[in-house]
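Dear colleague,

Please read my notes after it with the structure open beside them.

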Amino acid sequence: MPCYYDVDDILMEEEPISVVFQVTANGVGLLDPGAERNSVEKGAKVDLPFWLAHGMLSLEQAVSINVPPCFTQKTRKEIQADAACVDLRVRCPYFYELGCKIVPLVSDKSIGQFLRYAFTSRYKEILSKSHSSSTTTVPKFTPRLTKEEARVFDSARESMTAFKKWRVGGARLQKASILGRKRKTKLPDGPSTS
């Protein structure tokens, strides 16, 4: 669900998407750098920001969205070979978020399964490195992570640091101050015999 104030969501919506115009669009020649007139002809292939491509798709199917290059068969084969070594940030810093939004808009429905496989494969490696790597190896690994993966890595690293601090002698459970006071209990008087 998009959040109006989420900067990452705004930046993800700016990712360029290749579209093919299904109709001739007058007055939008600025969208196509190769257009000689102030219109885009039917069949023209143009790169648009995701938000604009999605908006034009919902307007009477004016464009058809092509599968972004970061979800090609080449990327899929690389991830299947060794998911941890693939630099997804270079391909798309918002790889998972864009993938989730693009699935219902393109004909290739296998993208959803591919996203799940990629995330679960890389998730194991992210947690492993966040818990065991020293600070000298972190810079070599983190530049390959997407924005979502970087947040997971940072959260895991912070939780491990907090756990180590607690284990060494951080704040322990303490007896509540109210339990330290002794209460006097008053026994009820027995039944009166008069």
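**What was found**

Arginine 144 is partly exposed, with a relative accessible area of 22%, where buried stands for under 20% relative accessible area, exposed for over 50% and partly exposed for what lies in between, with a 1.4 Å probe and protein chains only. Before going further, please note that this is a predicted model, in which local features need pLDDT of at least 70 and side-chain atom pairs count only at pLDDT 80 or more, while totals for chains, interfaces and linings use all residues. Residues are numbered from 1 along each chain as its sequence is written, and side-chain values use heavy atoms, with hydrogens and water left out.

Arginine 144 sits in the loop between helix 7 (138-141) and helix 8; here helices (H or I, at least four residues) and strands (E, at least two) are DSSP runs, numbered from the N terminus. Leaving aside neighbours within four places in sequence, arginine 144 is in contact, meaning heavy atoms within 4.5 Å, with Ala84, Cys85, Val86, Asp87, Leu88, Arg89, Arg122 and Glu149.

**The chain as a whole**

The chain has 9 helices and 5 strands, and from the N terminus on these elements run α-β-β-β-β-α-β-α-α-α-α-α-α-α. Of the 194 residues in the chain, 32% are buried. Among the contacts in the chain with a separation of 6 or more, 62% come from residues 24 or more positions apart.

**Helix packing**

Two packed helices are described by the angle between their axes and the distance between the axes. Axes are lines fitted to C-alpha atoms, for helices over the stretch in contact, and angles run from 0 to 180 degrees between N-to-C directions.

The axes of helix 3 (residues 73-82) and helix 6 (residues 111-132) come within 10 Å and cross at roughly 30°. That makes helix 3 roughly parallel to helix 6, given that angles under 35 degrees count as roughly parallel, over 145 as roughly antiparallel, 65 to 115 as roughly perpendicular and the rest as oblique. Helix 3 passes helix 6 in a left-handed crossing; a crossing is left-handed if the near helix is turned anticlockwise from the far one by less than a right angle, and right-handed if clockwise. On the helix 3 side, Thr75, Arg76, Ile79 and Gln80 meet Ile111, Phe114, Tyr117 and Ala118 of helix 6. By class, this contact of helix 3 with helix 6 has 5 nonpolar, 2 polar and 1 charged residues, where Ala, Val, Leu, Ile, Met, Phe, Trp, Tyr, Cys and Pro count as nonpolar, Asp, Glu, Lys and Arg as charged, and the others, Gly among them, as polar.

Helix 6 also packs with helix 8 (residues 147-169), their axes coming within 9 Å and crossing at roughly 35°, and this crossing is right-handed. The residues of helix 6 that meet helix 8 include Phe119, Arg122 and Tyr123, and those on the helix 8 side include Glu148, Glu149 and Val152. The residues of this contact divide into 8 nonpolar, 3 polar and 6 charged.

**Aromatic pairs**

Rings of Phe, Tyr and Trp (its six-membered ring) pair if their centres lie within 6.5 Å, and planes under 30 degrees apart count as stacked, over 60 as edge-to-face and the rest as tilted. By this rule the count comes to 5 aromatic pairs. The rings of phenylalanine 71 and phenylalanine 95 have centres 4.9 Å apart and planes at 35°, so this pair is tilted. Phenylalanine 71 lies in the loop between strand 5 (63-65) and helix 3, and phenylalanine 95 in helix 5 (residues 95-102), so the pair ties together parts that are 24 residues apart in sequence. Both phenylalanine 71 and phenylalanine 95 are buried.

The rings of tyrosine 96 and phenylalanine 119 have centres 5.2 Å apart and planes at 85°, so this pair is edge-to-face. It links distant parts of the chain, with tyrosine 96 in helix 5 and phenylalanine 119 in helix 6, 23 residues apart. Tyrosine 96 is buried, with a relative accessible area of 8%, whereas phenylalanine 119 is partly exposed at 26%. Ring pairs link Phe71, Phe95, Tyr96, Phe114, Phe119 and Tyr123 into a cluster.
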